[in-house]
Structures are given as structure tokens and as C-alpha cells.
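Trainee: I have a model on screen. Please show me how to read its features, one at a time.

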Amino acid sequence: MRNEISQAQQQTEETFGFKWKKRDTYESPAVQQEWKRWLFEKYFDGDPSSLNQLLSSERGEKKKILDAGCGSGISGELLFGEHLKNHHYLGVDISEAAKVAEKRFTEKGIPAVFEQCDLNSIPEYYGLFDVIFSEGVLHHTDSVENSIFHLSKRLKKGGKFLFYVYVKKAPIREFTDDLIRNALTPLDNEEAWKALEPLTKLGKTLGDLNIEIEIDEAIPFLGIEKGTYNLQRLFYYKICKAYFRPDYSLDEMNHINFDWFRPHNCFRHTPEEVRTFCFKAGLTIDRLHVEESGVTVIASK
């Protein structure tokens, strides 16, 4: 019997079930290459040997990996790669994306088990895990703090908890994020996807200009530091999220904007708050990597 979930989590389930079924919006070589680069950069400073060390053991035992909020499984696949064939991988997701992940892994011949459930209600019979990976997921739950606390209970002593959560942005960006998110609320997923396309096109227009501007003096109340900025990136980080990469299609860029604006649960925290959440969960932070987009953590129990 399925556990009861909040209305916000039900909307999360519907949102990501819809998004991850659009496989043509995230499976191109361009998207996967950049995604993999970003994952390794923020978790391991771009050094694959650090992942090898994390998954190694003195006796060569297989490790149990939990992908908490696996979506279509693409983040876990890109980060762990061939290691997935040598360890036990469980992917759980609140949405039907778990079925998409299962299909994708089967197509690629990657051994894995998938379960559709709330990541705070993973069946006890799966036991404890050596590695818990939760990439861009915890901020879509009802509470980042509670999710870190509950997941840490499923981590073995000495295990590693890898996760990424959104950080608070500049004031105007925070305002427009919530403005657009609220405006999309009455729409269904297909309508919301279409409604974001003009914003995505604006991001492309700004990006195609490829203009740099100079900010001669910091503007603290807008969260803008002195320096040289690409116009699109300045708009993206300080005004409104309108993603752009020259090698992505409009649908691929719209996928990223939809991922941000559509979920009702989309919490942002300061690095200090994330540190506090880990401390309360009995975790020791080994790595805390802060970018304008978010905070990446590797923590030990």
C-alpha cells in the first residue's frame, strides 16, 4: 500500500513523471557530455580517480548504492558509469520516472533495481547503503532538512552521502523565479511546457548575442559584484532563469527551464543552512562545493 504524500509532492510526482518521459530532450550527446562534465566537476573537481577511490574497498566487496530521486537514472548513469556493473544499484523515485529509468537501464544492459516510492519511505527490506546519491532532488521534497535526516538513517557507518541542492539567488532572480512558478500553477504540464518556450527563446536570443558588459561598481542590493559579465549569464543568474547553451536545442533548453519553474516544491538554502542540516543528521562534511546555482556535498556518517 502506498504511503500518503502531500499535495506538493503529488504535484512533484506528476511534474517529473511528465518531464522524464521526454527522453529526446536530454539524451543527445551534447546534453550528456555537459551533464557528465558538470557532475564530475562539482563532486570530484573533474577527477574520475576520486570516484574510483570512493567506490573501492579493501576486500573488493560490491557496494550498495542508493540513487534517491533517480528520475530517469541519467545522473546516476553518467556519474557512476561502468562502476554500476560492479556494484548493487537501487534507484527510487516518487514518479513514474522510475519506470523510464528501468527501461533505459535495460536497454543499456546495466544491472539495477528500481522502486517507485517517496525517498523518505524506502522499504526497510532494502537495508542500509554504502553510498547514497541524491542529485538535484532534496529541494523538491517537502523539507530538505528532513530528507537529509531521514536518508542519513539509511547510510552505513562510514558511508558516503552525495547530494546537490539549490542555493539562494540574487533578490530579483528569487522574485521572478517564484512569480513564474506561481503563474504556471493553474496550467497542466503540457501547457506549462509550452508557456515556458518564449522565455527559453529569450535566453537563446541573449546567448546568441554573445555580448560581454562591464559592471564598474558592485550593486549589493541586486546581488551583483563588480566585474565582466556575459549578458546572458548576468540575466540568468541575477534577473531570471532563461537557460542557454549554443549546442543545445530549444527543447533541451526548455527541459531545463521546466525542471526549475514547474515543481511547486523548489527550496533554496544558504551553504550555512546546508551545513546545519548535515550536522543535525550526524553527518561530517568532506566536501562542500558552492556555485551560483547550488551547493554540492559529500558527507560521511
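**Reading the fold**

Mentor: Start with the inventory: 12 helices and 9 strands make up the secondary structure of the protein. Helices (H or I, at least four residues) and strands (E, at least two) are DSSP runs, numbered from the N terminus. The radius of gyration is 19 Å, close to the 19 Å that the globule rule gives for 301 residues, so the protein is as compact as a globular protein of that length. That radius is taken over C-alpha atoms, and the rule is 2.2 Å times the number of residues to the power 0.38.

Trainee: What should I know about the model itself?

Mentor: This is a predicted model: local features need pLDDT of at least 70, side-chain atom pairs count only at pLDDT 80 or more, and totals for chains, interfaces and linings use all residues. Residues are numbered from 1 along each chain as its sequence is written, and side-chain values use heavy atoms, with hydrogens and water left out.

Trainee: How do I read burial, and what percentage of the 301 residues is buried?

Mentor: Buried means under 20% relative accessible area, exposed over 50%, partly exposed in between (1.4 Å probe, protein chains only). Here buried residues make up 53% of the 301. Now take strand β4 (residues 129-135): 7 of its 7 residues are buried, so the rest of the structure largely encloses this strand.

Trainee: Which strands pair with β4?

Mentor: Two strands pair if DSSP finds at least two bridges between them. Strand β1 (residues 64-68) pairs with β4 in the parallel sense, over 3 bridges. L66 has I132 in β4 as its bridge partner. Strand β5 (residues 155-166) is also parallel to β4, over 6 bridges. There, S134 stands opposite F163 of β5. From β4 the chain crosses through helix α6 (residues 144-152) to β5, a right-handed β-α-β crossover. Right-handed means that, with the strands pointing away from the viewer, the path from the first strand over the helix to the second runs clockwise.

Trainee: And the nonpolar core: how many residues are in the largest one?

Mentor: A nonpolar core is a set of buried Ala, Val, Leu, Ile, Met, Phe, Trp, Tyr and Cys residues joined through side-chain atoms within 4.5 Å. The largest has 51 residues; W35, Y43, F44, L79, F80, L162 and F261 touch the most other members. Helix α2 (residues 29-44) gives the largest share of this core, 6 residues. Contact means heavy atoms within 4.5 Å. Beyond its neighbours within four places in sequence, L79 contacts L39, F40, F44, L51, F133 and L162. A second, separate core of 28 residues includes V92, L155, F161 and V274.
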